[in-house]
Amino acid sequence: MFKTLRGRIIASYFLVVLVSLLLATLVSVFFLSRYVHNKERSDLLRQVEAIAEDINGISGELQRSPSPPSSEPQQGSEPAEAKRVIMRILNSEAEVLEVKLILLAPDRTVITESRAGPTFGEKILKLPPGILSGKGPRITEKFFEKLAGNYVFATAPTRVDRESEGHLIAIKPVHELGSATSTLIWYVVFAGLIALGISMLLALYLSSAISKPVKAVTRAAGRMAEGDYGQEVVVRGGDEIAELARDFNLMAERVRTAYELQRDFVGDVSHELRTPLTSIEGFSQAILDGVIQGEEKQRRSLEIINEESKRLVRVLRDLLLLSEIDAGELYPEKKDVDLVDLLRKLSSMYEVRAGREGIELRVDTPEGVLNADTDPDRLERILTNLLDNAIKYSGGGTVVLSATGGEGLVRISVADTGQGIEPELLPRLFKRFYRVEKSRATRHGGAGLGLSICKELVETLGGTIEVRSLPGQGTTFTVTLPRAVA
Ligand SMILES: Nc1ncnc2c1ncn2[C@@H]1O[C@H](COP(=O)(O)OP(=O)(O)OP(=O)(O)O)[C@@H](O)[C@H]1O
Ligand SMILES: [Mg+2]
């Protein structure tokens, strides 16, 4: 039970409620018993005073003639009648109050005492010291040697005959005071048990309300672990569990996207490698089997094998570069790069190839110096990819390499007057393996990695790349980079 979140919530509720109830019971029992004890003491004293008051009225008749506790006074005489009345009062009150009542003369001789309670049978009652000191009514708790226990003594002065004033004294064991507390304790315990029951019902309800959404996330996470990535949990409210659910959904979406990307990537890579490998395998097998006869034909086949091998090497090199970028292992080595110089160098590198394709290659740079703060090797890689595309896909016309300076940045463009690209295809252009012409059997047959490499390299240099294109008119790629500090 304690292994589940719900079980733990219920157990914690139970413990918290139990401890609070125990504490509340202990505190209330302590104060209640003190209150009841004190109240019973003062009630006892008040009642003793009232009885003393009653006796006052009657005892004017009494003569100082003590008699043994239960012996009946002689009938007929007035004092005897008064004494009988006093005895009756003491007996009935002692029963009601559950105390021993004794009427003492000023010299502490027992005038009369109630039947209830212990019988002392003494003429002069030996009380603990200090019980009868002072004038007014008084209540004290003392150890009573005679009865070997703690007793409470409530005393009130009262007249015992016409002339003298004695004491009415009530004696009761201390432990009998506050006996009502035990009943109260049971009420408190009973109320506590009801509170415990109700709070357990609440705990059941609340724990299910708390654990339900957590369970939903756990279930969804479990299904994801089994490979079912299409998970989404319902988000309710704005508490921590809702935050967990929201973050889970975000994570699930990212895992889904990463999984799809990886799946597509593996598919694309296999596809990309299969074409040249099939070609290499087919031609080499044909040569080995002697199917391709004649020096010229064999040479042509070997050329194809060589071209396809180079293509394989190119694709693998690009993939390696992309994986290095993905792993964040590519750190730019920035320095001042003379852009005019770089563009001229690139132009002379591609001059011959452009001429072969019937393309006019031009460099357009401003007068004076234009420097960028960048990594020259990476910038060269970016621009060769763009130039390669411009020559490959324009099929004639002009290709212009240009650079301009702006506020703290430089713009380098590669513009062609070729076939252009449909506007709706532009957003996908920088994705890995994306090509406008799908067939790999086309003359150019690129892998579709060049522009994605450009974009990611430009980003490692802290710049941006954008494309503008009009179908039938041409395409311009513009790279923006931080300018070198003069
Ligand atoms: N200047 C351009 N004019 C017209 N289309 C272009 C131009 N540059 C790129 N494209 C289109 O964008 C696609 C993606 O280009 P990218 O350079 O990424 O791949 P690729 O050239 O096909 O292959 P790779 O560069 O890996 O050898 C190209 O296949 C092509 O269809
Ligand atoms: Mg390319």
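How far apart do the C-alpha centres of domain 2 and domain 3 lie? The C-alpha centres of these two domains are 24 Å apart.

## Model and numbering

This is a predicted model, in which local features need pLDDT of at least 70, side-chain atom pairs count only at pLDDT 80 or more, and totals for chains, interfaces and linings use all residues. Residues are numbered from 1 along each chain as its sequence is written, while chains are lettered from A and ligands numbered from 1 in the order in which they are written.

## Domains 2 and 3

The domain assignment (automatic or from a database) lists domain 1 (5–182), domain 2 (229–330) and domain 3 (335–482). Ten residues from domain 2 and eight residues from domain 3 form the contact between these two, where contact requires C-beta atoms, placed from the backbone, within 7 Å.

On the domain 2 side, α4 (240–288) and α5 (295–326) are the elements that give two or more residues. Helices here are DSSP runs of H or I, at least four residues, numbered with strands (E, at least two) from the N terminus. α5 gives the most, with five residues. That side of domain 2 has six nonpolar, one polar and three charged residues (nonpolar: Ala, Val, Leu, Ile, Met, Phe, Trp, Tyr, Cys and Pro; charged: Asp, Glu, Lys and Arg; polar: the others, Gly among them).

## Packing of α4 and α5

The axes of α4 and α5 come within 9 Å and cross at roughly 155° (lines fitted to C-alpha atoms over the stretch in contact, with angles from 0 to 180 degrees between N-to-C directions). α4 is therefore roughly antiparallel to α5, a term for angles over 145 degrees.

The residues of α4 in this contact include Leu273, Ile280 and Phe283, and those of α5 include Ile304, Leu312 and Val315. By class, the contact of α4 with α5 has twelve nonpolar, five polar and three charged residues.

Terms used. Angles under 35 degrees count as roughly parallel, over 145 as roughly antiparallel, 65 to 115 as roughly perpendicular and the rest as oblique.
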